[in-house]
Amino acid sequence: MSATSLLTESAPPSTATAPVHRSETPGAFMARDIPADEFRAAMASLAAPVTVVTCYDDTGSPRGLTASAVSSLSLAPPLLLVCLDRGSRTHDVLTGAAAFTIHLLGPENEALARKFAGPTEQRFEQVSLADGPTSRHAPQLADAALRLTCARHDVIEAGDHTILVGRVAASDCLGRPAGGLVWHHRGFAHARPVEAR
């Protein structure tokens, strides 16, 4: 049973009849897209977590990029998603990899985020990698406080991006607070818990 039908069945009968305004051409308004610059400006107001996503390519070389369109998706099974620009030089490698790692970055990781948003061939230069059981599946950045290693679960085409869904197989934590580096109004911002009153 859908939520709509459940709500309809459980709602008490209405005694008043409100006028219903219908468009002469249903869906005409919703068929128009918001202009790209207006959408981009609106999304600049949406604070997003800054992460680095890594994998190995077919030759075993580490590859990665900075991503802010990342979200949890499901608890059972544990799924998360990352949206990748199809124009990125790392797109095909990430969507084709059997496994990848999402690194949650903190305020101390701004330089790391900038590095992985820079030239592709320089992203792993002078970057410390961690050894461990999950490092054979995907590169592990030593400076990230929390690393989530995923098996590729699904790949979904959506407009000019691809939604890469991962099933979380391992969580490596360095024992310090993770996250807090966000992208907001086209720049880095630092999130912190609100102090208890």
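Reader: Where is Arg186 found relative to E9 and E10?

Author: In this predicted model, Arg186 lies in the loop between E9 and E10.

Reader: Is Arg186 buried or exposed?

Author: The reading rests on a cut-off: a residue counts as exposed when its relative accessible area is over 50%. Arg186 has a relative accessible area of 54%, and is therefore exposed.

Reader: Which residues does Arg186 touch, not counting residues up to four places away in sequence?

Author: With that exclusion, Arg186 touches Arg40, Ala41 and Ala44. Ala44 stands 142 residues from Arg186 along the chain, yet the C-alpha atoms of the two are separated by 5.9 Å.

Reader: To which sheet do E9 and E10 belong, and what is the order of its strands?

Author: They belong to an open sheet of three strands, ordered E1-E9-E10, in which the pairing is antiparallel. Strand E1 (48–49) and strand E10 (187–190) are at the edges; each has a single partner strand, so one side of each has no neighbour in the sheet.

Reader: How many bridges pair E1 with strand E9?

Author: Two bridges pair E1 with strand E9 (residues 181–184), in the antiparallel sense. As for individual residues, Pro49 has Val182 in E9 as its bridge partner.

Reader: What is the strand order of the open sheet of seven strands?

Author: The order is E3-E2-E6-E7-E8-E5-E4, again with antiparallel pairing. Its edge strands are strand E3 (62–67) and strand E4 (70–74), and each of these pairs on one side only. On average, neighbouring strands of this sheet are turned by 35° against each other, with direction ignored.

Reader: How many bridges join E4 to strand E5?

Author: Four bridges join E4 to strand E5 (residues 79–85), and the two run antiparallel. Within E5, Leu81 is the residue that stands opposite Ser71.

Reader: Turning to one residue, in which strand is Thr101 found, and is Thr101 buried or exposed?

Author: Thr101 is found in strand E6 (residues 99–104). The cut-off for a buried residue is a relative accessible area under 20%. Thr101 has a value of 0%, and is therefore buried.

Reader: With which side chain does the side chain of Thr101 make a polar contact?

Author: The partner is the side chain of Gln140, at 2.9 Å. Leaving aside neighbours within four places in sequence, Thr101 is in contact with Val52, Val53, Thr54, Ala138, Pro139, Gln140, Arg147, Leu148 and Thr149.

Note on methods: Residues numbered from 1 in each chain as written. Predicted model: local features only at pLDDT ≥ 70, side-chain atom pairs only at ≥ 80, totals over all residues. Heavy atoms only, no water. Pairing = 2+ DSSP bridges. Axes fitted to C-alpha atoms, helices over the stretch in contact; angles between N-to-C directions. Buried < 20%, exposed > 50% of the residue type's maximum accessible area, 1.4 Å probe, protein only. Contact = heavy atoms within 4.5 Å. Polar contact = N/O pair within 3.5 Å; in protein donor to acceptor, adjacent residues only side chain to side chain.
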